[in-house]
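Please look at the sequence and the model first.

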Protein chains: 2
Amino acid sequence: MEQPSSLSPLRVGLAGLGTVGTGVIRLLEQNGKLVEQRAGRAIRITAVCARERHRDRGGDLGGYAWCDDMAELAAHDDVDVVVELVGGSDGPALTLARQTLAAGRGLVTANKAMVAHHGMELAQMAEAHGCGLRFEAAVAGGIPVVKGLREGAAANVIERVYGILNGTCNYILTAMEASGADFGESLADAQARGFAEADPAFDIDGVDAAHKLAILAALAFGTEIDFDSVEVEGIRQVRAVDIAQADALGYVIRLIGVADMEHAPAETRLLQRVRPCLVAKDHPLAPIAGPTNAVVAEGNFAGRLLFQGAGAGDGPTASAVVADLIDLARGESGAPFSVPVASLVAAAKADSGARESRSYIRFMVADRPGVLAEIAAAMRDAGVSIQSLIQEGEANGDGGVLVAMVTHTGPVRNVRQAVAMLEGSDSLVAEPLVMPILRN
Amino acid sequence: MEQPSSLSPLRVGLAGLGTVGTGVIRLLEQNGKLVEQRAGRAIRITAVCARERHRDRGGDLGGYAWCDDMAELAAHDDVDVVVELVGGSDGPALTLARQTLAAGRGLVTANKAMVAHHGMELAQMAEAHGCGLRFEAAVAGGIPVVKGLREGAAANVIERVYGILNGTCNYILTAMEASGADFGESLADAQARGFAEADPAFDIDGVDAAHKLAILAALAFGTEIDFDSVEVEGIRQVRAVDIAQADALGYVIRLIGVADMEHAPAETRLLQRVRPCLVAKDHPLAPIAGPTNAVVAEGNFAGRLLFQGAGAGDGPTASAVVADLIDLARGESGAPFSVPVASLVAAAKADSGARESRSYIRFMVADRPGVLAEIAAAMRDAGVSIQSLIQEGEANGDGGVLVAMVTHTGPVRNVRQAVAMLEGSDSLVAEPLVMPILRN
C-alpha cells in the first residue's frame, strides 16, 4: 500500500468556467478541508482558462493564474492535472486533452462526447505517458457509476448494462405520464423550467444517452468504445396515447440505453441501443421520475446492481470531477477503462434484428373499413404473433384512430418487416411507433 | 500513476470455507482471467483454513496449502492478503485479523460485526503496519457502497446516510405487504424459503442493520465507529394492521437505518437509528421489495445518491470480497475509513428525543367507552399534535381494537412521553408501536 509519494498539493488547471467549472471552484472552496483529508493532500486550482476573461462569474478568480489559451494551461509549470470542461467532441477540448496527456499531466473530463469519440486514443496516450485519465462526470453526472463498474463490480463478468441515461428525456416522459400532456407541450414546459435546452435535439434524439452508453459498454465489457454502432432513437414520436396504453398494460415508457454482448464462436459482438422502451411497473427503473439517471449492471456474481442519482447539474457534476481528482491525488493507478487499451476487444456490431423481444407497436390509422385487416395481414405475413391489440373508437387530433398492439416474443426483424410492408399505405395517417418491452 | 511494483500474483489466504468462501473460490476460477486483467496481476488463493478439513465442499481444494490453525494462515510465507470469512465479532476472527495486520499482510473481511466493534483498532493497525484493510462485503453484500462513500462521493459533505440494510427484514415486510399476513406467519415463510435464519433474532431485531449503519456512518461523516450508540428497534412489533394503515395513508413500512450529524458549536453529535419507518410511496426506497439492500447518501454537491442490489448471498458477497482484492492488487492506497484514523472524530451521541418528526402511533385498545379520551388526553398533555386518527370498528385477534394516528411534526420526546403516560393503562391490550415517518 504505497502512500502518495509527496504531500505537496495536487495542482489543477481548470479549462472552462461555465456552471460546472464554477461549481468545481465552489466545491473546492467549500469542502476543501474534507477533500484534503480524504485525498491525503490538498487539491488546489492554480490556473484557469476560459473564453471571456472578464465575465462576472460571481467569484474571485484573482488567486489563479489566467491562461489566455489552452495550450498554455496544458503546459503550465504549476499544473499536475487539467480539468477539461470546455465541451464538444473535437475542437479545442480535444486539442487540450491531447496536449495535456502529451505533456504527461493527468486529465479529468466531464466531456462525454469527446470520450465517446476519442476515448481510446486518449486512454492510449495516458498509458503511453504514464498519466491519469478520469471521466466519472461524463456518465450520469454525480453518480459514481464509472467507478462502480471499473472497480466496484470489477470481479464480475457484466452480462448487461442499461439504464436511464438522459435526465431531460426522463423528465419529459414522466411529466407526460403525470399530466397526460403530449410531447410538444411537455418539451416546452421542460424548457421553461430549465430541464431542456433551447435546442433540445441532442437530448431528445438520444445522442447524449448514446455517448454515455458507449462509454459504459466499454467499461462493462472490456470492448473498445464504438459510438458509431449505437442504434439510436429518441422520444419525439412518443405520444400521450402511448403512455396511456402502456399504463393500461402495466408499463411505463422510459428512454433506455442498453448494451450487451454476444459471445459467438467466431467473434464477439456488441449490441448497443438507445430507445424508448416499455418498462414493467415493478422494474426498478420504472419508479424513477424527473431528471434522474439510473444505471443497472448485471454481474454474474453480484447480480443486479443499480446506481441512481442526479444525472446533471453543476453540483453533481462538480462532485464527480473532484472525486476523480481525489483518485488522482491518492495516486490510484488503474487503467481508465479498467484494463489496458491493448486488452480491449474490438467487437463486431451485433444484429439487433436477430434479437428476440416483445414489442409494442402503435399505428394511427384512417377511420374506415379494412384497415385493421390490412395491418393484421402484414403482421401475419411477417410472422409477427400478436398477444393483445386495442383499437380506439374515436378519431383524435390528427384525424386518425389508434391501433396499438403488443406482440409475443419474436425476432425484432419480423416486426420491422411488418412495419415496412405497411409503409406508404393510405391507411396510416402517421409514422408507426415500435418500442421494445424491456426484459426484466 | 504508479503501477503495482511487481506483476507477481497477489497471494490470498482464505479463512472460512462456508458458502461465501467457496463462492470466492468459484469466482476466482470462473472469472479469473478477467480479474487478472482488471487487477493488473493474477489473484491466486494459495492457502486455506477452515474448521473441518475433510468436509465435502463440492470443489477440489488440493491446490491450496491447508492451514490447521488460523495463526498459521496469518503468518504463511505464501500469503499477501488474508480473506477473513470466519464471522463473529470477536474470537477467532478477531484474533486472525490482528495477527494478519500485525504480520504486515492485507486483510479483506466480510465481517460486519467485527468491523462495527473493532474497526477502529484494525484500521489503526493497518495504518501502523502499512497494509491494506478492506470490508466492502461487510456492508450491503455485493453493492459497492463502501467504495461509493469512500471514493465515489468523497468530494461531498454527507448530510445523511440511510437505507434498507437488512434483506431478511425487507423480505418479511414486503411479504406482509403483498399477502396481508401477520409477522409470525411471514417470518416462518421467510425461514422456509431460506431468507431468514432458524434463529432470526440478529436480523429481525435490527442488530445486523445496526452493524452496517455504524460502518456507513463512520465512512460518511468521518467519525469513529460507535456501534454502542446506535438506537435499535426491530420489526417484531409490526402487524398486518400497521401495514394496512400505512398503505391507506400513502406509505409503506421498511426497516430503515439512518445516520446524520449535528454540528453544534461545542461538539459534534452523531445520530444513528435503526427502526421500522413509514416511507412515502414516492420515495426511492419505497418500491424496494424482497431481500434487497439499498443505501442513500445525501451529499452537499452530489445530491441524493442511491446504491441498490443484493444485500447478501454467496455470489454478491464474493463479488465484493474480490473487488477488494482487486483494489489491493492494484496497490490502491486510501485509508480504510477514507481518512486516517487519527482524523476521525469521536462524536457524542445526539439526543434522538430532541429531533422533530412526524410519527405513526398505533394502540390496540379495549373496546369500551373512554379509551379514546384517555389516549387523546395523554397526547394533549405531552404536547403531541394529532394530524389524523383512525379507530377501527371491530375487535380483532387479541381482543383489542386498533387506534392509529399520525402526528404533526413535533419533538420525538413528546411522543415518547405520551406513550409512557399510557403505560400500564387497562385500556391498552398490547404494547403501543411508534414509527417515525421518514423525512423525504
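How much area is buried between chain B and chain A, and what percentage of that area do carbon and sulfur atoms give? The buried area is about 4800 Å², with 53% given by carbon and sulfur atoms; buried area is the accessible area (1.4 Å probe) that two parts lose on being put together, summed over both. This is a predicted model, in which local features need pLDDT of at least 70 and side-chain atom pairs count only at pLDDT 80 or more, while totals for chains, interfaces and linings use all residues. Residues are numbered from 1 along each chain as its sequence is written, chains are lettered from A and ligands numbered from 1 in the order in which they are written, and side-chain values use heavy atoms, with hydrogens and water left out.

**Interface of chain B and chain A**

- In chain B, 59 residues are in contact (heavy atoms within 4.5 Å) with 59 residues of chain A.
- The interface holds 2 salt bridges (a side-chain nitrogen of Lys or Arg within 4 Å of a carboxyl oxygen of Asp or Glu).
- B:Glu151 and A:Lys147 form a salt bridge through their side chains, at 2.6 Å from N to O.
- Elements that give two or more residues to the side of chain B that touches chain A include helix 1 (19-30), helix 6 (145-152) and helix 12 (314-329) of chain B; helices (H or I, at least four residues) and strands (E, at least two) are DSSP runs, numbered from the N terminus.
- Helix 12 of chain B gives the largest share of that side, 8 residues.
- Strand 12 (residues 303-310) of chain A pairs with strand 12 of chain B in the antiparallel sense over 3 bridges, where pairing requires that DSSP finds at least two bridges between the strands.
- In this region, A:Phe307 stands opposite B:Phe307.

**Salt bridges**

- Over all chains, the count is 50 salt bridges.
- A:Asp80 and A:Arg11 meet in one of them, at 2.8 Å from N to O.
- A:Asp80 lies in the loop between helix 3 (70-74) and strand 4 (81-84) of chain A and A:Arg11 in strand 1 (residues 10-15), so the pair ties together parts 69 residues apart in sequence.
- A:Asp80 is partly exposed at 24% relative accessibility, and A:Arg11 is partly exposed at 27%; buried means under 20% relative accessible area, exposed over 50%, and partly exposed in between (1.4 Å probe, protein chains only).
- A:Arg380 forms a salt bridge with A:Asp381, with the closest N and O atoms 3.0 Å apart.
- A:Arg380 is exposed at 60%, whereas A:Asp381 is partly exposed at 47%.
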